[in-house]
Amino acid sequence: MIACEVVIVGGGLGGLTLAASLGAAGIDVVCLEREAPSRTRSAAHDGRTTAIAYGPQQVLAACGVWDKIERDACPILRIHVADQDSPPSLSFLHHEVGAAPFGWIVDNRTLRRALEERIAELKRHVRVLAPAQMATLDCGALQARVTLTDGRVVTAQLAVGADGRRSASREQAGIGSYGWDYGQTAIVATLLHEIPHDNIAVENFLPGGPLATLPMTDARRGHDGLTHRSSLVWSEQTAAAQALMTCDEAAFTAALQEKVGAWLGRVRLEGPRFAYPLNLRRAKRLTAPRFALVSEAAHGIHPIAGQGLNLGMRDIAALRDELVRATRLGLDLGHPDILRRYEHARRFDNGAMVLGMDLLVRLFSNAIPPVQTARRFGLGLVQHIGPVRRFFMRVAMGERDTAPFPTPKTG
Amino acid sequence: MPHAAPSVAEDEVARFSAQATDWWNPEGSFRALHRLNPLRLAYVRDNICEHFNRDPEKRQALRGLRVVDVGCGGGLLAEPLARLGADVTGVDASEEGIAAARAHAKLSGLKVDYRVDSVEALAASSARYDVVTALEIIEHVADLKSFLAAATKLLNPGGLMLLSTLNRTPRSFALGIVAAEYILGWVPCGTHEWQKFVRPSELTRHLEGQGMTVTDLTGMVFNPLAGAFELRKGDLRVNYLLAARKA
Ligand SMILES: Cc1cc2nc3c(=O)[nH]c(=O)nc-3n(C[C@H](O)[C@H](O)[C@H](O)COP(=O)(O)OP(=O)(O)OC[C@H]3O[C@@H](n4cnc5c(N)ncnc54)[C@H](O)[C@@H]3O)c2cc1C
């Protein structure tokens, strides 16, 4: 039997960030990951990049991970939103909300490597078991216990579900969820291009779904003289996406070049294409006795504004704050007060973001003329009203104080 | 991993659990205490840290301090204090309480010295402490004066005493007895006798008679909007906490 204070089910980017955050605060953690390290570290495992907003960057800095990725993180200084290539469109400049960039683009493999490195430094407090798959979770009055498929048992004061959208721990804890499919699939790939991106992120709302190019640091070794890089997230109706996934690279590049136009110059793929079906899944509650959900296990959303992990990072920061507060009171880390405060702190923000992103998807993924007119009008309006613009930008930057009411202080 | 509980055999877990579950079930008969606990702990920690010049941000803020919790019940206060590094003794007259406390401490992997004893008997021994805590207990004792004399005797010179109880006011009758016991069912009916509630002025007078100096009085007030208790300096009408120093 393995004993610890907090057991985290799932060692994706969410689970690992929580493990590092708690370990840095001196809390003893065991993190369970189903896949073997040889698999999670391989290039074929995750082709995505993550847009890390200012708030989540602070979370990574606080647990000592940011230092390790800063060099490979490309700042976003301008966000350009286009509606099916036609003006007016929105353009956000970062110094309208202060000196810091909107966020940084980091590829997921770099982020994972940095998290693992930090966790190795924190080995006094953090253990990652992999491969280690949860079979059952049993949250009793006195402790939480996870039984692995290989028979090992891990006990803790609190169990955290960070096992992604199809969270089995969520189900085991008896927390229901709801969701729907967008009928869209995101194609993700890293692009090499001729003209520098000037740190601009472009999101173009096309009828089939949004197409985004996100600025990355230059390639160490380019191809065909192309060294500038951007990350492509191209959402399409699933049938169209399947065609784009199966066609040869030349055909794909031609289709892509047509969509992104001339602003990046000539483009080509740096590596393979990855396909992610897009759906929404949200847990009905975030907590059960001795159990809390974070990140995608709590809410999987559409990547339309690159907010998925950002939202998860805010869960992680809130849970970390509550657990640190509890350690300073000497409380059992499964104390209901901790869970009540966590649920309270996160419910509004998560709800607003999940609904907001869903609305964006529905509003922008169609070509119905009145909707088109309305949203152009909407974009034009936002562009011209300073406070509204700044509010949107702050939310996009992932600051935590945008919730309309503060959480009550109870000592 | 310094804070981890040691491995416990399956059958022991089951046996201990049966004893400890009532005291330690956050939704059971001690629900109100569980909800109050973080707030009481914050008060106790902050007063001890201030008095003994400790950093309240440290996980082991109370390391090395000798604390006795009088009327410790199942150990709801004693265990957190032990986690904060204090060297804790818990005394309670109830054998079941102490049995539950012992069982639970074992499960939590914490060392607390639990004893079935009265405060007077303990004071008659040579044991002395840096801190005496007696929370939600003095409204239950038969002889307050003798209780406070013994509690004072348990303290080292310069030691700190922390008490909490219910004031004897019309409001405490309405909230502490009628609402808490009969309407909301937070505590079992018959838990409290209003006549035994103690006014802050009476408590201060008793303590001063023992040579103690009262350094703080703070109210614990239920805020229905937040659904939680909070500390409020000026409002001692129902639940309140008190800190006193021995010369
Ligand atoms: C196309 C796309 C683009 C995105 N872009 C962005 C972006 O720009 N910015 C942003 O902030 N977010 C973005 N996101 C979201 C982001 O990728 C996720 O939020 C992030 O990866 C965090 O996921 P997670 O760790 O919660 O879950 P996951 O990555 O799903 O990790 C869950 C882990 O749990 C493990 N697991 C599952 N079951 C068990 C079990 N029973 N026992 C043990 N382990 C188990 C799995 O193996 C997995 O490793 C994007 C998502 C998509 C699909």
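Author: Let us begin with residue classes: Ala, Val, Leu, Ile, Met, Phe, Trp, Tyr, Cys and Pro count as nonpolar, Asp, Glu, Lys and Arg as charged, and the others, Gly among them, as polar. In the shell around the ligand there are twelve nonpolar, 13 polar and six charged residues. This is a predicted model, in which local features need pLDDT of at least 70 and side-chain atom pairs count only at pLDDT 80 or more, while totals for chains, interfaces and linings use all residues. Residues are numbered from 1 along each chain as its sequence is written, chains are lettered from A and ligands numbered from 1 in the order in which they are written, and side-chain values use heavy atoms, with hydrogens and water left out.

Reader: Which residues come nearest to the ligand?

Author: A residue is near a molecule if one of its heavy atoms lies within 4 Å of it. Of the 31 residues around the ligand, the nearest are Gly14(A), Glu33(A), Ser295(A), Glu296(A) and Leu309(A).

Reader: Which atom of Asn310(A) lies 2.9 Å from an oxygen atom of the ligand?

Author: A polar contact is a pair of N or O atoms within 3.5 Å. For Asn310(A), the atom 2.9 Å from a ligand oxygen is a backbone N or O atom. Met134(A) likewise places a backbone N or O atom 3.0 Å from a nitrogen atom of the ligand, whereas Arg48(A) has a polar side-chain atom 3.0 Å from a ligand oxygen. On its own the ligand has 1,000 Å² of accessible area, of which the protein covers 91% (Shrake-Rupley method, 1.4 Å probe).

Reader: In what order do the three strands of the open sheet in chain A lie?

Author: Strands of a sheet pair through backbone hydrogen bonds, either parallel or antiparallel. Strands are DSSP runs of at least two residues, and helices (H or I) of at least four, numbered from the N terminus; two strands pair if DSSP finds at least two bridges between them. Here the order is E4-E8-E5 (chain A), with antiparallel pairing. E4 and strand E5 (74-76) of chain A are the edge strands.

Reader: Is Arg290(A) buried or exposed?

Author: Buried means under 20% relative accessible area, exposed over 50%, and partly exposed in between (1.4 Å probe, protein chains only). Arg290(A) is buried, at 7% relative accessibility. Most residues other than glycine have a negative phi, and most peptide bonds are trans. Arg290(A), although not a glycine, has a positive phi of about 55 degrees. A cis peptide bond joins Ala130(A) and Pro131(A), with omega about 0 degrees.

Methods. Polar contact = N/O pair within 3.5 Å; in protein donor to acceptor, adjacent residues only side chain to side chain.
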